[in-house]
Amino acid sequence: MKFHRRRPQSNSRRRSRGQSLVEFALVTPIVLSLLVISIDLGRAMSAYNQVGGMAREGALYGAANPTDTSGISTAALNESSLGGTAPTVTSSVANDSFTIPNTTTPYQKITVTVTYDFKPLFSFPPLPKTITLRRSVEMRVTGS
């Protein structure tokens, strides 16, 4: 009867440890990239929601004061907690397609548009360095 001698385990453990380091080195940049992209996506969605809230507040103020463009802009910008460049607020008053009952006089509506240039933390080659976020809100002017 012949006994077979086993090889020492240390050589295969070393290979396994080296393989783990190579896998870690290959996977780490991918995981970090996904993390950074998800953080920027969350920031962009938060900024988009804030821009919408700003447009709503500006339209709410403008529905009561349609000719006060500086007041509309101030009301919208007071809702902002965005960093970086200040958002742009524009407003316009137009006739609505609906008329006041028993007359031919149309209602008036105000449209407030807020535009913000979002800058991601890290720019990746397929994405632009700034992303323009724009939200518009229309409300009927009260008292018309």
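This is a predicted model: local features need pLDDT of at least 70, side-chain atom pairs count only at pLDDT 80 or more; totals for chains, interfaces and linings use all residues.
Residues are numbered from 1 along each chain as its sequence is written, and side-chain values use heavy atoms, without hydrogens and water.

The protein has 2 helices and 3 strands. Helices (H or I, at least four residues) and strands (E, at least two) are DSSP runs, numbered from the N terminus. Along the sequence the pattern is α-α-β-β-β.

Strands pair if DSSP finds at least two bridges between them. Strand 1 (residues 88-99) and strand 2 (residues 106-118) run antiparallel, joined by 9 bridges. Threonine 99 has proline 106 of strand 2 as its bridge partner. The hairpin of strand 1 and strand 2 has 6 residues between the strands, and asparagine 102 takes a positive phi near 65 degrees there. Strand 2 also runs antiparallel to strand 3 (residues 131-140), with 10 bridges. Serine 136 in strand 3 stands opposite threonine 113.

Buried residues (under 20% relative accessible area, 1.4 Å probe, protein chains only) make up 24% of the 144 residues. Leucine 35 lies in helix 1 (residues 10-64). Leucine 35 is partly exposed, at a relative accessible area of 46%; partly exposed means between the buried limit and exposed, which is over 50%.

Among contacts (heavy atoms within 4.5 Å) between residues at least 6 apart in sequence, 56% join residues at least 24 apart.
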